[in-house]
Amino acid sequence: MRKKTKRTTFAAKPLRRFPGEATWRWRAQLRMERTVSPIRIFVIAATAIAWMTSVHPPSSFALAANVVLIVASVVAILDLVLVYGPSDIVSRWPWASTALDLVFISAWIVSSGGSQSIFISLAFFGLASAVLRNPPRLAVPVAAAYALVILACSGLAHWYDAVYAVAIGAGLTFWTAVAYRDRRASLRDDLTGAFTRDYADFRLDDLYKQRAFPIALAVIDLDGFKGVNDTFGHPAGDNILIQAVRAIEGAIRQGDLLARSGGDEFTLVLPKTDAETAAVVADRVRVAIETTLFRHRRDMPPVRLTASVGIAVARDHAIRRSSLIDRADEQLYAAKQGGRNRVTM
C-alpha cells in the first residue's frame, strides 16, 4: 500500500487587525445612517402633526406622550447633526444610539395607547437603524431583542405584528450581512490578506486630516517575480505573494499599514515617520524578502527573490497626497534602474 503523505497548503492566514478598520467600516456605514436619520425626522414630524390635528393619545397619557414626542424630536435632530457632523462620536458608541432609540420608541408607543397605538409600525425605523449600526455578529440578537421589547410595550397587540417583526428583522439581518461582506471585500485583498489599495488611499487621506506628520510612503516591488510566473505558473506566483506578505508583515512596526497595490507591488503607509526611520523600516523589509526561501511548488526547490523599494516623505501639507504617491513611484523606478534590491528616497 502506498503511504499517504501529508499535503501542505499555502492558504493565506488572517493577518492582525488594524486600528483603522473600524473607521473604514463606519465611513461606509455612515452612508446608510444618513439615509435613515432624515426619515426619522420625517416620521416624528408626521406624528406631531397627527397628534395636533385629528389623532390624539389617551387623555390620561397626554402629557407623557407630548413629553416623549418632544424628547424624541430632540434625539432625532441630535442624531441628524451627529451623522452629518462629528460622526466619530456615533462610530465609537453605536450601541448608545440603539439604546436611546429603543427607550424613546418604547415610551412613545406606551404613552400613545400601547396595543391601541397607531405608531407601532414606526418602531421598525428604529429596528432598521439598530441592525445597521451594530456589527454582523450582533445583528440577529439585536433585531430579536428590539422586536421583543417593542411587542411587549405594545401589549403583544396582534400576531401579525410578531410575524412582521420577524420578517423585517430577518430581512434586515440578511441585507446587513451582505453589506458587511462587501465592505470586508473592499478592505482586504482576497489572496494575500493584505489591505487593498482603496483602503491604503483612505488611510493616507485620514492621516493627512489628522496631521500625523511626517508621513512616509513606501512602494515595494518584487524583483524577478514575472519570471516566476512565466516559469512555474500563476498558482506558484500566488503562493509567493502570500509568503511575501507574511515576510513584510514581520518586518514592519505596529501601526504601519501594508496594502497590495496590484500584482507584485505593495504599498507601506508609515504615520509619524521621518525619512531616517522610514529608510530603516524599508531596509528591514528588503532584507526580509531577500532572506526568505519562497516555496512556490511542492515538487520544486524554493527560490529566492529580492525587492526594490521607493520612499517619499511628507513633512507637512505642502506635499499633497497625490504628489507623495507620485514621488514614491518615481523613487521605485530609480531603485529598479539603479540595479534593484535597494531602497531609494
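At 7% relative accessibility, Tyr208 counts as buried, where buried means under 20% relative accessible area, exposed over 50% and partly exposed in between, with a 1.4 Å probe and protein chains only. This is a predicted model, in which local features need pLDDT of at least 70 and side-chain atom pairs count only at pLDDT 80 or more, while totals for chains, interfaces and linings use all residues. Residues are numbered from 1 along each chain as its sequence is written, and side-chain values use heavy atoms, with hydrogens and water left out.

Phe213 is likewise buried, with a relative accessible area of 18%. The ring centres of Tyr208 and Phe213 lie 5.2 Å apart and their planes meet at 80 degrees, so the pair is edge-to-face. Rings of Phe, Tyr and Trp (its six-membered ring) are taken to pair if their centres lie within 6.5 Å, with planes under 30 degrees apart counted as stacked, over 60 as edge-to-face and the rest as tilted.

A search of the whole structure finds three aromatic pairs. In one of them, Tyr199 and Phe202 have ring centres 5.5 Å apart and planes at 40 degrees, so this pair is tilted. Both residues belong to helix α8 (residues 197-210) and are three residues apart, about one turn of the helix; helices (H or I, at least four residues) and strands (E, at least two) are DSSP runs numbered from the N terminus. Tyr199 is buried at a relative accessible area of 0%, and Phe202 is buried at 14%. Ring pairs link Phe195, Tyr199 and Phe202 into a cluster, and Arg188 lies over the face of Phe195, at 4.0 Å from the ring centre; a charge sits over a ring if NZ of Lys or CZ of Arg is within 6 Å of the ring centre and within 35 degrees of the ring normal.

Helix α8 has 14 residues and reaches 20 Å from its first C-alpha to its last, close to the 20 Å expected at 1.5 Å a residue, the expected span being 1.5 Å times one less than the number of residues. The buried residues of α8 include Ala200, Arg203, Leu204, Asp206 and Leu207.

## Backbone features in two loops

Most residues other than glycine have a negative phi, and most peptide bonds are trans. In the loop between α8 and β2, Arg211 has a positive phi, near 55 degrees, and at 59% relative accessibility Arg211 counts as exposed. A cis peptide bond joins Phe213 and Pro214, with omega about -5 degrees, and Pro214 is found in the loop between α8 and β2 (215-223).

Lys272, although not a glycine, has a positive phi of about 50 degrees. Lys272 lies in the loop between β4 (265-270) and α11 (275-290) and is exposed, with a relative accessible area of 64%.

## Nonpolar cores

In soluble globular proteins, nonpolar side chains tend to be buried together. A nonpolar core is here a set of buried Ala, Val, Leu, Ile, Met, Phe, Trp, Tyr and Cys residues joined through side-chain atoms within 4.5 Å. Of the 32 residues in the largest such core, Ile220, Leu222, Ile248, Leu258, Phe266, Leu268 and Ile289 touch the most other members. The elements that give two or more residues to this core are β2, α9 (225-232), α10 (234-251), β4, α11 and β5 (306-314), and α10 gives the most, with seven residues. A second, separate core of 22 residues includes Tyr199, Phe202, Leu204 and Leu332.

Leaving aside neighbours within four places in sequence, Leu222 is in contact with residues including Leu241, Ala244, Phe266 and Ile289, contact meaning heavy atoms within 4.5 Å.

## Strand β6 and the whole protein

Thr344 has its place in strand β6 (residues 343-344) and, at 14% relative accessibility, counts as buried. Thr344 and Ser308 are 36 residues apart in sequence and 8.3 Å apart in space, C-alpha to C-alpha. Not counting residues up to four places away in sequence, Thr344 touches Val309, Gly310, Ile311, Gln331, Leu332, Ala334 and Ala335.

The protein has 12 helices and six strands, and of its 345 residues 47% count as buried. Residues 24 or more positions apart account for 75% of the contacts with a separation of 6 or more. The protein exposes about 18,000 Å², of which carbon and sulfur atoms supply 61%; accessible areas come from the Shrake-Rupley method with a 1.4 Å probe, and for residues only the protein chains shown count as cover.
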